[in-house]
Each structure stands twice: as C-alpha cells, then as structure tokens.
Amino acid sequence: MDGVSIAGRGAPASRPARLLARLRVLLAPLPWLAPALLLIGAVVLWPVVEMVRTSFLAISSSGATLGGAGTRNYKDLFDEPDLGAVLLRTLLWVVGIVVITTVLSLALGQLLNARFPGRRVVRWAVIVPWAASVLMTALIWRWMLDNDSGVVNRLLLDLGLVDEPVNWLAHPGQAMAWMMAVAVFVTLPFTSFVILAGLQSIPPEVYEAARVDGASGWTTYLRITLPLLRPALLIGTIINCINVFNNFPIIWSMTQGGPQHATDTSTTFTYKIAFFDQHVGESAAMAVVNFALVLFMVALYLRAARRSGATS
Amino acid sequence: MTRRWRVALLAGVGWLVALFFLAPYVEMLLTALKPEHELTRSPGGYVPSHWQWSNFTDVWTAAPLWTNLRVSLTVAGGSTLLTLLCALPAAYYSARNRFRGRGAFLVLVLVTQMFAPTALVVGVYREAVMLNLTDTLEALILVNAAFNLPFCVWILHGSFSSVPRELEEAAFLDGTGRIGALLRVTLPVSMPGVVTAVVYTFIAAWNEYIVALTVSVSDNRKPLTVAIPSFVTQYQEHWQYLFATSLIAIIPVVVLFALVERYLIGGLTAGSVK
Amino acid sequence: MRKQFAGATAVGLSLALALTGCGKGSSSGDDSSGKTIRFVAAIYDDNTKGYWDGLIKDFEAKNPGYKVNLEMVDWEQMDRKVKTYVQTKQAPDVLNYNAFSDFARDGLIYKAEEVVSPQVLSDFTPTFVKQAQYQGAQYGLPFISSARLLFYNKDLFAKAKIDKPPASWAEVQADAQKIKAAGATGYGLPLGPEEAQAEFYSWAMNNGGGWVDSSGKWAINQKANVETLTFLRDLTKSGVTQPNPETTDRAKVFNQFAQGRIGMAIGGPFTKAGFIDPANKNLNFGVAPLPSKNGSSHDTLGVMDVLAAFKRDGGKNKEAVRRFLDFFYSAENSSKFLKLEGFLPVTKSAGDALSADPYMKQFVDALPTSQFAPTGNPAWSAVAGAVKQDLGAAVANGDPKKVLDGIQQTAEKAG
C-alpha cells in the first residue's frame, strides 16, 4: 500500500519495490521469531532495564523512590569493605563447584553408560536431587549437619571418628566446604546426564577402530572419548556456571552467608544489602555488577565455543 | 578380570551411588515420620522411635495442599506449553534459514539464558502490576516460560540443526508442505531435544520460588514452593510437615522423569551442535 | 506457503494470549469506590489465618458493601514483600508489621488519629503510644506486644544446688558454672542473625546501656554496651554457653531448653506454646526477671508489632480502613487475638483478659518496666540489620569495642 502511494508521487518505481522486497526479506523471520522475542523482551529484558535504572536511584529504606542518586549507589558499593572478599569467594564458589562437578560427572556418566543389572533404577536415583527443589535439599542437609541432633554427627560419633559433635556450619571454612559439597550434590545429576548423553552420541565404530589399533583403555578414553565429549562438557559447564552463580537457597538456608560475611557470595550479599542494611539502591548496583560478571562468563563461553567449533 | 566380575563390580558401585544420592531424601522421609517432640532430640536418632505415619495425612489438613499442588501443576504445565509454543518456531526457523539478525538473535538467546528471576523480582512485579496480572497464575506462567525460553530455544536450535535437511526436503517434495514436513519428519527425529526442553522447563517452573512468592497473594494461588516454608515460622516449627510436603512435591517430577528418561539422554547434547 | 507461516504464528500467539488473558484474579484492591481494602497480615502461628478469615467475614457482614482482601505472609518473607510493594507503589491499605517510622518519614502512612476513632486512640496504653510515634505524632497502631524474661530449668537448678534464679550478672556466671558442672549448658545465648539485637538489648538495658543516649542520639558503642558485650563474650569463652552463639538462633536454644539440656535462656510468652510444649510438656521450668549487673533493679525487653494504614489517592480508602480498624480494636476482637496467639495487650481494655493465666500474668506484670528498641527512628531497621549481622562476631573472635564501633558507624551513616 505504502509503496504504491509513494510510487504515485512520481518516485522511481523500482526503488520502493526494491525497498519493499528488502523489507519483506528482513521481516520474513518475524512471524517465526516474534513470540520468542516478545516473551524474552517483555518479561526478561524489561526487568533488567528496570534494575539498571534502580541502581541509579535513591531509594529510601521503606522502599519509596526519593529521586536520582547518580553514581552514589556504586560508590557506596565499592566502599563496602567486604566486597573484594565476597567477589573472590564467589569465584571460588563457581569455579570450585563446576570443576569438581565436571570431574565427578565424567566418572558418573561412564558408570551410568555401562551395562549392569538395575541400571535404570540407579539412573532414577541420580535424578532425585535434580527433581527436588534446591531449597528443600539444602534444608535437609542443614538438618543432617546440625550439631545437636544431626545424623552426620551421630554417625561420626558412633563410628568413633570424632569425640564430640562438630558444629559444621558455624565455622566459615567447614561451612563453605559443606555448602560447596551440597551444591556439587545438586549439580551432579544434570551434568552426568549431559555427559551420559554425550557418551551415547559417540558412534561405536570409533571405539572399534581404536581397538583394532591396539590402544589401551586409558589411551582410548583420553584420545577419543574425551575430545568427543567436548560439546557435552561445554553445554554442561555453561549451564552449571549460571546455576551455581545464581544459587541463593543453599547458602541462605545453611548459613545466611554468616558469621558476618564470611560465607557470603555475591547473590546473598546482594540480598543482605537490601534487607539487612536497608539499602535498596546499592543492592541494585550489586545486582548490576553480578550481571556484568555473568556477561563476562558468556563472553568466555562464546570464545570457548568458537574455538571448539574451529577444532571439530 | 572376568566379565562377570566386572558386571558385579559395576552393579555394586552403581547401587552405592544410588544410595548416596537417595540418602538425604531417606533422611527427609525418616524426619517426616517422626513425632514433633522427637525432631530436635539430641543426639538425634537414626529412625523414629514412634513411626508417625499420620504426619503424611495431617499435612493435607494443615495446609491447602491439594490447591497448592494444582497450582504448581498448572504453572509448570502451562509454562512448559507456552515455552514450547514460542521456542519451537524460533528454533526451527533459525536452524533452517540464514537471515539478517540471526547471529544477534542467537546471542540474545545465549545471554538471556544467564538471567535468573531472583535478581529481577522487583521489575517482574512492576510488570505484573502494569499488566494487571498480580496474584494470577498467568503471571507465573509467563515469567517461568520467559526465563526458560532461551535454554529451550538453544537446545531445540541445536536439535533441529542436527536433522539432515535432505530428510525434510524429501517429505516436503512428497507434498506434505513445510509445516507437514516439520511435524511429521523433523519433530519426531528431534524428540530428544523437545523432551529435554520440556523436562528442563517443567522442573525449573515446578521449583521456582522467588517470583511466586512475590506475585502470589491469595492462598489458592500459591504453588507448593511458597506454601512449604510456612510450616516453619518464628513462633513455631513443624519440620515434619515441611519435609513430608517436600517429599510429596518431589514425586510428580520423578515420575515425569522416569517416563521420559530414555529421550532425555539423547536431547541433552543437542544444544552444543553448532 | 507464506500463509502457513503466518497461520502457525497466529495460532501460537493467540494461544499465548489466551493463556495469559484468561481469567483475572479477583483479589486486587484497586476498586474505584475505596470500599475494598487490602490487608497484609503476618503469620504468627497455625491459628492466625483462621482468626483473620473469621474476623473479616464478620466485618463484611456488619458493613455491607465493604470488602477486605487478606494476604497472609510469613515473617521470614515479610521484608521482601513489603519493600517490593512500596517500591512498586502497591502498598496494601493495612499492613501488620514490626516497623512503621520510615513509612511515616516518607509520607506513606496515615497518622493514627486519621484512621481510628478517638475511643480506640485513647484506649492504647501510653507506653506503646510512645513507641508508635514518629517526631511526636502517633503513626503506628500498636497491635500486639511481648516481653522477655529469664526462663530457667528448675530440675537442673536443683541438681546444681541453686536455690533461686540469678538476679545479678555475677550470679548468672556462677550459676551457669554450676549447671555446667552438673552436665548441662549453663546459659543459652542466641546471638545469630535471627534476633541478636533483642538478646543483646535484654542484657545491655540491665547495665544502663542501650541504643541511644538521653538526647536520642545513637550511642551503640557506649561504655555500658562494651561492658555488656564483654560479659557475654566471657560467658562464651568460659564455655558455659552452647557452642557458637554467633550462629545460634532462638529456636535452637529453646529446643535444647525444652529437653532439659540448657539451664537458662531468655524467652517470651510464645516460647512455651511454640517451643517447650511441643517438645516436652512436662518440663519443670520457671520464669524470672532479667538479671541485671548490680542485681537490684530489673528492666524487661518489650517488643511491639504494629498496624500501619497506607495512604491511597486522596484518602479515599480512609473510611474503609477506619471501619476495619475500629472493628478489630473492639475489646472483644482484639483480646481474642491476643489469647489465641499468646501475646500481651497494647490496649487498656484488653489488659485484664490475660492476667487470669498465671504463666501469662508474669509477662503482663513485667510490661510496665519494659524498654523498647528505638522503632520510632527510621534508621533503626538498618541498625538492627547491622547488629544481626555483626554482633555475634564479638563473642567468637572479634573485639567487643571494635564490633560496636562498627555498628555505631553504620547507625550514624543511616541517620
């Protein structure tokens, strides 16, 4: 319609037609992509913008907006004496959990891929921590680790491994180790299934060839299986990084990041700034910093994915 | 090592692994079966001295669990459906066609995957207010669908990309049409990817907590995840109910999982195919 | 072919819209007449919801055309909910909460006199009215109160050959040692983030310390407070408390107390019904005044929750809010709530209802000597937050003076 009317005004006939054709090409994907774009744009991106905006606002302790704050929220945030330690701990938290999970999952995936009686039941059992909500799993672990009535202490006492109950979650070092163990526990199912899937996508002929060449079990694994698992490992790693980074329930329900900030990661720290310190704007600034970190991880992933694409 | 020994060893290790993963939930069950006065006894007992089976029936009257269960199912089912409806066309089109903005679209999908609703709750709530959707299941469905959509697009994109174009072309030339070819050939072949998307979204929506907590107001629009923690407050603690309900909430997901496990394994690597 | 594309999308989109558009919940309170109000109530225990459901039904029957939409929220989740609501300008008409002064400072809530009748206003006990004021005007509506006293296990005291509960700190220290020698924990000290500020203040006020000085300025690192925290630290270091007070919350202490494993701990009226009875109905315990440094005069920690009424465009919700609040504050309705939940009265008319119960009477009697946290200061929430996070460190490995200096700094920064 528009094209016709423009043409009617005496413009070269071919140009609007070409424009229209180009527009058509440009818009062709839209019917297919629109629902996804709409949903992502409206429900995911919009709150992100909102959050960034909040980080530049002065918000009173009641939650009321008082006006612009410039960069004061960020200044306050970077003045937090605990910020550096919290960020370092977050790094340890993410890298530690993802690396340990991946290593364990490689073994677990191999096991789940092997043939033995009852394999299906074992697979179902491995699923359970994924199916259970992380909050509930964290709560039962806290329950088991309780120094007075927890079953872990009871067991260790009965086995004679400790002389008196240990208050596991009260000491930052031990608490951190336990929480990371719980995080590994809930991350293992998904990861080992990804690796299991990867293992099953390797054609048997490849192993056949290796056997003919007389390669030993380990050599086969290192030279053939592991490289072929690379795509599965990549997908598992990136999803795990995100989930582990964003994990709030484990730390919150087991130690609340305490004593003081000794077991905080950036997500619990963000929460505490808003709800203990009553500083909503600074909390938003911390959330923005979190997002920057996430984007950094994405960039790393993209680089890794490209490299993996180039080698395969 | 003979073959038989090898299998026995594998089975032994396998069963130990199963036990390890189930142990916390067995403890959850044992705790859920203790009478309230036994819960905090120290040192704790391994098994209840009195098996309080009634805890599992009492929870149904202590809280409107049927309603919560129904809400959880509706939200998880609804968001899974909506996610699929939006993700399928986008993933299919971007897997089959080169177009301007394809790269940007895929990066957008990758990046938005990283965002968790936890940090965005205020914005999400403001949005619900604007759309007049506070205290509705629709809001929960929209949010869960949107936040899981990127992962599903990603997985399905990889899944579709791995289906040989020739297979689809053949069906297309047989006169089934583009959509027919998609439905009859491509989709069945990519079933593992679809199942993965379904399971991932369903589990995520089933366990979502923060958004539901903020958006849901009425008791009959609260999912299980929001209802469960109410058993433990500052003024009283019913841990046995909390754990009993948690176990009840796990069951539907495990059943779903057992049903589709076979497909899932094929689907989980789909996203990595470039 | 193109049609098919468009068709597929249209189906997808309309399904999505159908899913999102169908059926809107009926709970939003934004009616135009102002006759429907939203009430956010805190969950105290299993009975709370039943009480409000009943009260609202009664109210709606007696006030045709008026409607109250109730939302029940856990204390654990309350802060998050309230901040989100205020930030998105969706505050409820009436809120049941433990703070009000920052709402008053930001001009979000009505003054008390605007939303309750003069009779109700004059019925509040003066102690609580004082706590509900911001800059000299009453904004908060006292809702329930509570007091803290020293719980002690009589059997353990007998076993340790102690004949009466301790009155002075020296006696606390000595008794705790004796109880420890008798094989139990002497004193249960919850200084974890759950409610460290209440435990600390219970001790500090009985040493002449507190949060502010006589002129109302923050005085958190004053000498009396440092002394108090040093005393608690010494208790901990001498091993007469449970391990790791800095990560212990009250539930843990009272679960242990109920099993006869702790000799003394500070608790409130709800402690018996909420924690002792469910675990051990037969526990032989007594309740005594909070011990003081010198052992002569004893102050009590008072705690008050409030109702706050939020303004809505031009005050059109005022009439409905007033009707609802007046209905709740009738002597019959409010004392029913107190009895059901085990809290102490905030009004003169409900005062006698509880004194019949000898257990409750001890707390009612302690109310007149109670000291409160400075809830009228909008910065208090941030200060309490800092106390919750940091105070426990002083008994673990921190230095009491330094810890209190840090909190003082936070307080001065907050206002």
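**Note on a predicted three-chain model**

1. In chain A, the centres of domain 1 and domain 2, taken over C-alpha atoms, lie 42 Å apart. Domain 1 of chain A covers 2-54 and domain 2 of chain A covers 81-311, with bounds that come from an automatic or database domain assignment. This is a predicted model, in which local features need pLDDT of at least 70 and side-chain atom pairs count only at pLDDT 80 or more, while totals for chains, interfaces and linings use all residues. Residues are numbered from 1 along each chain as its sequence is written, and chains are lettered from A and ligands numbered from 1 in the order in which they are written.

2. Chain A holds 15 helices and two strands, where helices (H or I, at least four residues) and strands (E, at least two) are DSSP runs numbered from the N terminus. The radius of gyration of chain A is 26 Å, well over the 20 Å that the globule rule gives for 312 residues, so chain A is more spread out than a compact globule; the radius is taken over C-alpha atoms, and the rule is 2.2 Å times the number of residues to the power 0.38. Along the principal axes, the C-alpha atoms of chain A fill a box of roughly 95 × 70 × 30 Å.

3. Of the 312 residues in chain A, 48% are buried. A residue is buried if 20 or more other C-beta atoms lie within 10 Å of its own, exposed if 12 or fewer, and partly exposed in between, with C-beta atoms placed from the backbone.

4. Between chains A and B, 74 residues of chain A are in contact with 77 residues of chain B, contact meaning that the C-beta atoms of two residues, placed from the backbone, lie within 7 Å. Helix α3 (residues 30-54) of chain A gives the most to the side of chain A that touches chain B, with 15 residues. That side of chain A divides into 55 nonpolar, 14 polar and five charged residues, where Ala, Val, Leu, Ile, Met, Phe, Trp, Tyr, Cys and Pro count as nonpolar, Asp, Glu, Lys and Arg as charged, and the others, Gly among them, as polar.

5. Chain B also meets chain C, with 38 residues of chain B in contact with 37 residues of chain C. The elements that give two or more residues to the side of chain B that touches chain C include α3, α6 and α7 (165-189) of chain B. By class, this side of chain B has 15 nonpolar, 14 polar and nine charged residues.

6. Within chain B, helix α3 (residues 65-96) and helix α6 (residues 137-161) pack at an angle of about 35 degrees, with their axes 6 Å apart. The contact of α3(B) with α6(B) has 19 nonpolar, nine polar and one charged residues. Axes here are lines fitted to C-alpha atoms, for helices over the stretch in contact, and angles run from 0 to 180 degrees between N-to-C directions.

7. Chain C is divided into domain 1 (36-146 + 303-371) and domain 2 (147-302 + 375-414), whose centres, taken over C-alpha atoms, are separated by 28 Å. In chain C, 24 residues of domain 1 are in contact with 22 residues of domain 2, and α16(C) provides the largest share of the domain 1 side, five residues.
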